[in-house]
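Subject: Structure for you to look at

Hello,

I am passing a structure on to you, and my notes follow below it. Please have the coordinates open while you read.

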Amino acid sequence: MKAAVFREEGKPLSLEEVPYPERREGEVILKVKAAGLCHGDVHLLLGEWSGDLQISTPVILGHEIVGDVVEGAKKFKKGERVLLYSSIGCGKCRYCLSGRPQFCDKVNVIGVHRNGGFAEYVSVPEEYLFKVDGDPVHLAPLADAGITAYNAVKGIQEGDSVAVIGTGAVAMIAAQLLKSNGAEVIMGGRNPSKLAKAEEIGIPTVMMKRKENMNMSQTLFSYSQKKFDYVLDFVGSQSTLQDSMWLLSREGELRVIGEFGGHLDVPEQLIVLRGLRVKGILYGSLHDMEGVIKSYQEGKFKTMAVPYKLEEINDAINDLIEDKIIGRAVIMPSSQ
Ligand SMILES: [Zn+2]
Ligand SMILES: [Zn+2]
């Protein structure tokens with residue numbers, strides 16, 4: 001079968017013929033219809049996470065997978081379309097038992113620790129599959145961007161004021177979900193074409209004023225002249241995290257989702273006197289996967305997928321690095 005293989009950090013993926021996957025006990029072979037390209041893949045390819053995450057190459061990346069069942073399934077029928085929850089846990093610890101295997105100590109992410117979806121076929125555990133219907137290109141982003149956005153906006157209510165920092169696929173989905181739930185949302189970013197796209201779908205935006213030497217928080221405050229109940233940072237860089245706690249109303253909450261390696265420096269008195277909270281958002285629970293599929297089917301948001309053929313995967317990676325993709329790049333490994 002055809003696959004894009006990650007062999008060496010800093011090098012393009014290698015397009016190769018590789019053996020058909022071996023199916024393990026409890027697993028199903030999927031014909032991959034679409035697999036989203038995540039910023040996480042770029043962090044891995046550039047070696048930016050090599051200190052924190054032990055992965056062994058060669059490996060086939062791609063953790064945002066939609067496929068059709070080929071063989072080995074008990075619960076699903078052959079040919080049925082499924083979405084993969086990619087964080088596979090031990091099944092025994094308290095995180096796994098409560099449906100949150102993304103926090104399992106022994107977590108194994110398909111497309112990171114073992115072969116994923118940038119290939120024609122993949123073997124995955126059946127219990128982590130969810131039935132879906134529709135165009136696989138638009139469905140694929142649900143498996144990571146969608147579930148993460150869904151988790152990131154959980155508990156935020158109608159009328160709450162929310163600053164969304166970042167204009168990537170996850171931020172775009174989160175902003176749409178917030179809007180559909182009646183929250184007052186504003187998106188801050190620095191890429192004019194992505195901000196224009198957000199405006200087009202009804203999300204008010206503000207562009208970072210780099211020239212005036214303002215960081216993202218100062219820009220958002222100077223624009224809105226008010227504080228927010230929630231600040232959702234989908235970037236997580238030094239520059240987006242800077243002063244972000246100052247943007248919060250009393251009892252406000254900063255949620256950090258992006259993984260661009262920033263540090264949060266905040267005076268403790270600010271936290272205490274205003275009763276602030278900080279929360280990290282990693283992926284979502286198995287329950288969130290059901291929730292995000294339902295919200296998508298109800299038309300609460302679009303995934304904004306941008307399709308590429310498997311042969312074009314290195315172009316997609318470059319486009320993502322150069323910040324040219326509005327929405328989610330989605331790779332299609334099989335021709336039909
Ligand atoms: Zn990801
Ligand atoms: Zn576990």
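Here is what I found, going from the whole chain down to single residues.

First, the conventions. This is a predicted model, so to speak of local features a pLDDT of at least 70 is needed and side-chain atom pairs count only at pLDDT 80 or more, while totals for chains, interfaces and linings use all residues. Residues are numbered from 1 along each chain as its sequence is written, and chains are lettered from A and ligands numbered from 1 in the order in which they are written.

**Overall picture**

Buried residues make up 46% of the 336. Here, buried means that 20 or more other C-beta atoms lie within 10 Å of the residue's own, exposed means 12 or fewer, and partly exposed is in between, with C-beta atoms placed from the backbone. Among contacts between residues at least 6 apart in sequence, 67% join residues at least 24 apart; two residues are in contact if their C-beta atoms, placed from the backbone, lie within 7 Å.

**Two domains**

The domain assignment gives domain 1 (2-144 + 284-332) and domain 2 (148-280), with bounds that come from an automatic or database domain assignment. Taken over C-alpha atoms, the two centres are 27 Å apart. Where they meet, 18 residues of domain 1 are in contact with 15 residues of domain 2. On the domain 1 side, helix 1 (39-45) and helix 10 (286-297) are the elements that give two or more residues, and helix 10 gives the most, with four. The residues on that side divide into five nonpolar, seven polar and six charged. In this count Ala, Val, Leu, Ile, Met, Phe, Trp, Tyr, Cys and Pro are nonpolar, Asp, Glu, Lys and Arg are charged, and the others, Gly among them, are polar.

Isoleucine 331 touches, beyond residues up to four places away in sequence, a set including Ala34, Phe118, Tyr308 and Leu310.

From first C-alpha to last, helix 5 reaches 17 Å, close to the 16 Å expected at 1.5 Å a residue, where the expected span is 1.5 Å times one less than the number of residues. Helix 5 is followed by glycine 182, with a positive phi near 85 degrees.

**Residues to look at**

- Threonine 57 and proline 58 are joined by a cis peptide bond, with omega about 0 degrees; proline 58 lies in the loop between helix 1 and strand 4.
- Serine 56 is in the loop between helix 1 and strand 4 (64-71) and is exposed, with 7 other C-beta atoms within 10 Å.
- Aspartate 243 has a positive phi of about 65 degrees although it is not a glycine. Its loop runs between helix 8 (238-241) and strand 14 (248-256), and aspartate 243 counts as partly exposed, with 17 C-beta neighbours inside 10 Å.
- Tyrosine 283, also not a glycine, has a positive phi near 50 degrees. Tyrosine 283 sits in the loop between strand 15 (277-280) and helix 10 and is buried, with 22 other C-beta atoms within 10 Å.
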